[in-house]
Amino acid sequence: MSVEPPSPGTLRDAQEELLEELGFFDSWMERYQHIIELGRNAPDFPEEWRIEDNRLRGCQSQVWLKSWQDEGRLFFLAISDSAIVSGLAAILMRVYSGRRPKEIVETPPEFIAGAGLDRHLSPTRSNGLHSMVNEIRQRAVKCLE
């Protein structure tokens, strides 16, 4: 699997960039559309990775998450059977994929509250987003052990 480097800067910088990007939209309907579009434009998730071992629990939708390490960095790829959840997964990949595990563990996911995602998503979608973030952070912790 080819790996893309993370966006320039720190994980905190990536969170700030995302907040700026979402801030360009005047309404939550426009933000939802943008998030869905991010999911549609996400890298392909190989069909052979859609297996039970890669399926996340705690999400109403089906979500598959694959992770791997390369040169001390942790990479992620995810997909969902829901358009909005695929978009949320794409956001998380942009923020977290290609980062060092220590940076993932030490940087709180402040962008969730900062973007208002915790307030504007349905409770089930918000729970799913938090489940994805928790799984990413747990995998980073395991890499540090």
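**Entry 1: helix α3.** I began at the end of α3, where Gly 98 follows the helix with a positive phi, near 90°. I note that the model is a predicted one. I then checked the length of α3, which covers residues 83–96. At 1.5 Å a residue, its 14 residues should span 20 Å, and the end C-alpha atoms are 20 Å apart, so the two values agree. I next looked up how far α3 is covered and found 12 of its 14 residues buried. Among them are Ile 84, Val 85, Leu 88, Ile 91, Leu 92 and Tyr 96.

Entry 2: I located Ser 82 in the loop between β2 (73–80) and α3. Its relative accessible area is 10%; since buried means under 20%, I recorded Ser 82 as buried. Leaving out residues up to four places away in sequence, I found that Ser 82 touches Ser 61 and Arg 125.

**Entry 3: aromatic rings.** I found five aromatic pairs in the structure.

**Entry 4: arginines over rings.** I looked up two cases of Arg over Trp. Arg 31 lies over the face of Trp 28, 4.8 Å from the ring centre. Arg 50 lies over the face of Trp 64, with 5.5 Å to the ring centre.

How values were computed:
Residues are numbered from 1 along each chain as its sequence is written. This is a predicted model: local features need pLDDT of at least 70, side-chain atom pairs count only at pLDDT 80 or more; totals for chains, interfaces and linings use all residues. Side-chain values use heavy atoms; hydrogens and water are left out. Helices (H or I, at least four residues) and strands (E, at least two) are DSSP runs, numbered from the N terminus. The expected span of a helix is 1.5 Å times one less than its number of residues. Buried means under 20% relative accessible area, exposed over 50%, partly exposed in between (1.4 Å probe, protein chains only). Contact means heavy atoms within 4.5 Å. Rings of Phe, Tyr and Trp (its six-membered ring) pair if their centres lie within 6.5 Å; planes under 30 degrees apart count as stacked, over 60 as edge-to-face and the rest as tilted. A charge sits over a ring if NZ of Lys or CZ of Arg is within 6 Å of the ring centre and within 35 degrees of the ring normal.
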